[in-house]
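Student: I have a model open and want to learn how to read it. Can we go through it feature by feature?

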Amino acid sequence: MSNRADVGVGPLDVLRGRIPASSAIADVADVFSLLGDPSRLRLLLALREQELCVGDLAELVEHSESAVSHALKLLRSHRIVAVRREGRRAFYRLDDPHVRMLLDLAVSHAAHSTMEHPERAESAQLAEAAARGPASGEVAS
C-alpha cells in the first residue's frame with residue numbers, strides 16, 4: 001500500500017507552492033480593493049495622465065475637495081500616489097509603476113471585452129420604472 005510520501009510531489013503540491021502566502025494574498029486583495037472603488041479609480045486614471053492638485057482633481061472627477069483629499073490620503077498611505085508641495089498647494093502623481101500597468105491593462109481589457117453586468121441591467125430597469133411613476137391603475141401612497 002502506497003502512501004502520499006511514497007508518491008513524491010504531486011501536481012497539487014506544485015500548484016500550492018506557486019500560490020503566495022496568505023499575507024501576500026491579503027496585500028493583493030488590498031490593491032484590488034483600492035482600485036475597485038469608482039471614485040478612486042477616476043482619480044488614478046486622471047493621475048495616470050499627469051500630476052494634478054486637489055482642486056483640479058476635485059473639479060475633474062466632480063467631487064468635493066474634502067472627498068478627494070480623503071481618497072488621496074488613503075492612496076498615499078498605500079504608496080500608490082505621491083505628493084509634491086509647492087507653497088500651499090499639493091500636487092499628486094501616480095507613484096507606482098505596477099499600479100500604472102494594472103490600470104493600463106484594466107482599461108484595455110474593458111475596451112476589448114463585452115462584459116455583461118446583469119446587476120447593472122436590473123438597476124437600470126428599476127430606475128426606469130421609478131422614473132415612470134406608479135403603474136396605471138395603482139394608487140400612489
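Student: Which residues of α6 are buried?

Tutor: Note before we start that this is a predicted model. Now the general idea. An α-helix has 3.6 residues a turn, so residues three or four places apart point the same way. Here is the case. In α6 the buried residues are Val68, Ala71, Leu72 and Leu75. Seen down the helix axis, the buried residues of α6 fall within an arc of 100°, so they line one face.

Student: What does the face of α6 turned away from the buried side carry?

Tutor: That face carries exposed residues: Ser66, His70, Lys73 and Ser77.

Student: And what covers the buried residues of α6?

Tutor: The cover includes three helices, α3, α4 and α5 (54–61). It also includes the strands β2 (81–86) and β3 (89–94).

Student: Which residues of α4 are buried?

Tutor: Arg40, Leu43, Leu44, Ala46 and Leu47 are. Down the axis of α4, its buried residues fall within an arc of 160°, so they line one face of the helix. Note that Arg40 is on the buried list.

Student: Take Ala46 in helix α4. What does Ala46 touch, leaving out residues up to four places away in sequence?

Tutor: Ala46 touches Leu52, Leu57 and Leu60. Its relative accessible area is 9%, so Ala46 counts as buried. Ala46 and Val61 are 15 residues apart in sequence, yet their C-alpha atoms are 8.6 Å apart in space.

Student: Now the backbone. Where does a positive phi turn up just after α6?

Tutor: At Arg79, with a phi of about 60°. Arg79 is not a glycine. It lies in the loop between α6 and β2. With a relative accessible area of 67%, Arg79 is exposed.

Student: How far apart are His78 and Asp30, in sequence and in space?

Tutor: They are 48 residues apart in sequence and 9.2 Å apart in space, C-alpha to C-alpha. His78 is in the loop between α6 and β2. At 37% relative accessibility, His78 counts as partly exposed.

Student: On to pockets. What is the general idea?

Tutor: Rolling a probe the size of a water molecule over the atoms shows where empty space is left. In this model, the largest pocket has a volume of about 420 Å³.

Student: How many residues line the largest pocket, and which lie nearest its centre?

Tutor: The lining has 15 residues. Nearest the centre lie Leu35, Leu41, Ala106, Val107 and Ala110. The elements giving two or more residues to the lining are α3 (22–36), α4 (38–49) and α7 (97–112).

Student: Which element gives the most to that lining?

Tutor: That is α7, with 7 residues. By class, the lining holds 11 nonpolar, 3 polar and 1 charged residues.

Student: Last, the whole chain. How many helices and strands are there, and in what pattern?

Tutor: The chain has 8 helices and 3 strands. Along the sequence they read α-α-α-α-β-α-α-β-β-α-α.

Student: What share of the chain is buried?

Tutor: Of its 141 residues, 19% count as buried. Look at the contacts too. Among those with a separation of 6 or more, residues 24 or more positions apart account for 45%.

Terms used:
Residues are numbered from 1 along each chain as its sequence is written. This is a predicted model: local features need pLDDT of at least 70, side-chain atom pairs count only at pLDDT 80 or more; totals for chains, interfaces and linings use all residues. Side-chain values use heavy atoms; hydrogens and water are left out. On a 1 Å grid over the protein atoms alone, a cavity is a set of points where a 1.4 Å probe fits but cannot get out, and a pocket is an open set with protein on both sides within 12 Å along at least five of seven lines; lining residues have an atom within 4 Å of a point. Grid points are joined across faces, edges and corners, and a volume is the space filled by probe spheres set on the points. Helices (H or I, at least four residues) and strands (E, at least two) are DSSP runs, numbered from the N terminus. Ala, Val, Leu, Ile, Met, Phe, Trp, Tyr, Cys and Pro count as nonpolar, Asp, Glu, Lys and Arg as charged, and the others, Gly among them, as polar. Buried means under 20% relative accessible area, exposed over 50%, partly exposed in between (1.4 Å probe, protein chains only). The arc is that of the directions from the helix axis to the C-beta atoms. Contact means heavy atoms within 4.5 Å.
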